[in-house]
Amino acid sequence: EIFTYAKSVVNKDVGAGCVFPIDSRGVIALETQYRFNLRDLLVELPAGRMDEGEDYLACAKRELKEETGLVSDNMKEQCVYYIQPDFTDEELGAYLALDVKLSGGQELDHDESVNVLSVPFDVCEELIKRDVIEDERTIIGFGLAKVIDGIDFPKNTNQEQIISQIISRIEDDKEKLKEEEVDISYTYVCEFGFVRDHIVKTPKLVNTRRECMYMK
């Protein structure tokens, strides 16, 4: 007997860039963002979708500057990989940015709310082990930096104190960056489930759209 079943495919017209930014002291620039689809805040590396005409490197540089205000003259490609090959063809270009330095402030979109978090290298590893950092791109970026690029720094003698301070900051940001649902504009069914279009109010008091996919 032959069985047939539906496969879910989401085609993306462009890829994305992601950057692992670290300064000479071994401090990584991470960011806290509220992800409405999860109704929770995540700790992430700077990343975003490519603009028309951009390559992965240009996208990574732009996202780093826009989201953190940081720049780097020493960026190295780590790899390009598929983000979710089980249902999308989207690729992500991952980069290591060394010796990052501040060059102005953030240049966020009108509906973006991003807080920058300074995390020592050893503390980042511990936050991953403790499931405080759960974002896939960030975990992969850290692994690439350590295993492939050979990045490492001594453990801070006051690591637990730093971890406590960072977790406290994350908890504060959960409330500050939380988005409030205002309305649902529409729902439509597609082969992988259904998509619901949520209208939310951001911490900047801007009404914007958050599209969430729900699998069958």
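1. The structure holds 1 cavity of 30 Å³ or more. A cavity here is a set of points, on a 1 Å grid over the protein atoms alone, where a 1.4 Å probe fits but cannot get out. This is a predicted model: local features need pLDDT of at least 70, side-chain atom pairs count only at pLDDT 80 or more, and totals for chains, interfaces and linings use all residues. Residues are numbered from 1 along each chain as its sequence is written, and side-chain values use heavy atoms, without hydrogens or water.

2. Residues lining the largest cavity (an atom within 4 Å of a point) include C18, F20, Y81, Y95 and R137. At least two lining residues come from each of β1, β6 (74–82), β7 and α3.

3. The largest nonpolar core has 36 residues, and F20, I28, L30, V119, C124 and I166 have the most contacts inside it. Such a core is a set of buried Ala, Val, Leu, Ile, Met, Phe, Trp, Tyr and Cys residues joined through side-chain atoms within 4.5 Å; buried means under 20% relative accessible area with a 1.4 Å probe, protein chains only. Its largest share, 5 residues, comes from α2.

4. Helix α4 (residues 159–176; helices are DSSP runs of H or I, at least four residues) has 18 residues, which at 1.5 Å a residue should span 26 Å; its end C-alpha atoms are 26 Å apart, which agrees. The expected span is 1.5 Å times one less than the number of residues.

5. Q159, I162, I163, I166, I170 and D173 are buried in α4. Seen down the axis of α4, its buried residues fall within an arc of 100° (directions from the helix axis to the C-beta atoms), so they line one face of the helix.

Notes. Buried < 20%, exposed > 50% of the residue type's maximum accessible area, 1.4 Å probe, protein only. 1 Å grid on protein atoms, 1.4 Å probe; cavity = no way out; pocket = protein on both sides within 12 Å on 5 of 7 lines; lining within 4 Å. Points joined across faces, edges and corners; volume = space filled by probe spheres on them.
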